[in-house]
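Dear colleague,

Please find below the structure that I am handing over to you, with its sequence. My notes on what was found in it follow.

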Amino acid sequence: MTTTAVTKTSQKTRSRHVALAIFALAMGGFAIGTTEFTMMGLLKEIEQGLHISTPEAGNLISAYALGVVVGAPIFAALGARLPRKQLALGLMLFLSIANLTSFIAPDYGTMVVTRFASGLPHGAFFGIAAVIAASLVAPTKRGWAISMVMGGLTVSNVIGVPAATWLGQTFGWRLLFVVVGIIGLATSVLLWKFVPFEPAHPEASIRRELGALKRIQVWLALLIGIIGFGGFFATYTYISHTMTSVAGIPEALIPLVVALYGLGMVAGNILGGRIADKSVMGTIYRVLPLIALALVAYAVAAHWAWSAFVMVFIVGGIGSMLIPPLQTRLLDASPDAPSLASSLNHSALNIANALGAFLGGVVIAWGWGYVAPALVGAVLAILGLGVAGISGWLERKKPLAA
């Protein structure tokens, strides 16, 4: 065999190993997305099963989100001295055990605690997964690698959430936690087998990771996500009400609406990763105004069923294009403390979730109608663009590498 042939075979083998490692990381995102979003579809069954009110059931979702916000910086900092593979494995095992604990939770109070615990590894896992994926490929392909990892989360909205919702409605809502636990354990096996071992950075420490919080560009990147992505959640939170009350779509077709939104998220995530590899800030500058335009168009199109279906896909797609460049921006802004900075992106997105849902609820309560949250979202996207502009202006004065 010639040297050229050996080289090509070696390159193919490495590419295959990289693909399997990224797939394993994406499977973790699939498990996390399934446990996070299926709860919303099974809320009525959970209320009946635990004999609680709708607001109390909503607190279970809030408990998970709070776990994400709290857990991301804590786990990322405490795991700074661990090899990345071991940290990812530990976080996925934690997620599996927490979900299996939810399965046997005897009452509402215990369920709140287990859902909070389930959210703790969420942000830290995505953060370390993004760092691992970016390290496996050339610098010019980081955005693509990160988008593939995040693809697990978006694909869960198309496959995992509808399937788990159906299983929960048919065979009992607690089955959700068994399904997620099994997926998490299977993911742990894949991580152990395919993700390459790399020793922890010799200078890694909690102090080093926390140093990311001293950088203004890290905070600005997080603020772009909190504000700019808030419009995405303002729209998604009330999508069922908008489709049934405004577009006149039958309630039986809401699963189709959610699936279209999920398909748009998958497409947007992949596209966002591709264009982020060409220009991270350029992608952010372009996507935020597109989000604003898409949400305004959605508010108009929601009055007719056919156009509502089209815009649901487009809004899901354009909104998700923002995730890969934001994740990459945080890695660029804190190269010596990537785990914490990357993990904080998911804390920011969960704050955006709460912000969008709250502001959307406010304008609905004011009597502005169910399309009003989309218009609020458009304003948030423009404000996020303003934050991005400030970030870019500061970078021109002092480059990230300085």
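I begin with the charged pairs. At 21% relative accessibility, Arg142 counts as partly exposed, where buried means under 20% relative accessible area, exposed over 50% and partly exposed in between, with a 1.4 Å probe and protein chains only. Asp332 and Arg142 form a salt bridge, with the closest N and O atoms 2.9 Å apart; the term stands for a side-chain nitrogen of Lys or Arg within 4 Å of a carboxyl oxygen of Asp or Glu. This pair links distant parts of the chain, as Asp332 belongs to helix α15 (residues 323-333) and Arg142 to helix α6, 190 residues apart. Helices are DSSP runs of H or I with at least four residues, strands are runs of E with at least two, and both are numbered from the N terminus.

Before going further, please note that this is a predicted model, in which local features need pLDDT of at least 70 and side-chain atom pairs count only at pLDDT 80 or more, whereas totals for chains, interfaces and linings use all residues. Residues are numbered from 1 along each chain as its sequence is written, and side-chain values use heavy atoms, with hydrogens and water left out.

A search of the whole structure finds two salt bridges. Besides the pair described above, the side chains of Glu395 and Arg329 meet in a salt bridge at 2.9 Å, N to O. Glu395 lies in helix α17 (residues 372-397) and Arg329 in helix α15, so this pair ties together parts that are 66 residues apart in sequence. Glu395 is partly exposed, with a relative accessible area of 23%, whereas Arg329 is buried, at 3%.

Next come the aromatic rings. The structure holds seven aromatic pairs; rings of Phe, Tyr and Trp (its six-membered ring) pair if their centres lie within 6.5 Å, and planes under 30 degrees apart count as stacked, over 60 as edge-to-face and the rest as tilted. One of these pairs, Phe229 with Phe232, is stacked, at 4.6 Å centre to centre and 25 degrees between the planes. Both Phe229 and Phe232 are buried. Ring pairs also bring in Tyr261, so that Phe229, Phe232 and Tyr261 are linked into a cluster.

Grid points are joined across faces, edges and corners, and a volume is the space filled by probe spheres set on the points.

The largest pocket has a volume of about 1,400 Å³. Its lining comprises 39 residues, with Met40, Gly41, Leu43, Thr237 and Ser240 nearest its centre. Among the elements that give two or more residues to this lining are α1 (3-41), α3 (54-78) and α12 (254-276). The most is given by α3, with seven residues. By class, the lining of the largest pocket has 20 nonpolar, 14 polar and five charged residues; Ala, Val, Leu, Ile, Met, Phe, Trp, Tyr, Cys and Pro count as nonpolar, Asp, Glu, Lys and Arg as charged, and the others, Gly among them, as polar.

There are three cavities of 30 Å³ or more. The volume of the largest cavity is about 190 Å³. It is lined by 15 residues, and Glu36, Phe37, Leu153, Phe233 and Leu349 are the closest to its centre. Helices α1, α6, α10 and α16 each give two or more residues to this lining, and α16 gives the most, with four. The lining of the largest cavity divides into nine nonpolar, five polar and one charged residues.

The second largest cavity holds about 60 Å³ of space. Its lining includes Arg84, Lys85, Ile132 and Glu198. For this cavity α5 gives the most, with three residues. The residues of its lining divide into five nonpolar, one polar and three charged.

Lastly, Leu100 is placed in helix α4 (residues 84-104). Leu100 is partly exposed, with a relative accessible area of 32%. Leaving aside residues up to four places away in sequence, Leu100 touches Phe177, Val178 and Gly181, a contact being heavy atoms within 4.5 Å.

With kind regards

Note on methods:
On a 1 Å grid over the protein atoms alone, a cavity is a set of points where a 1.4 Å probe fits but cannot get out, and a pocket is an open set with protein on both sides within 12 Å along at least five of seven lines; lining residues have an atom within 4 Å of a point.
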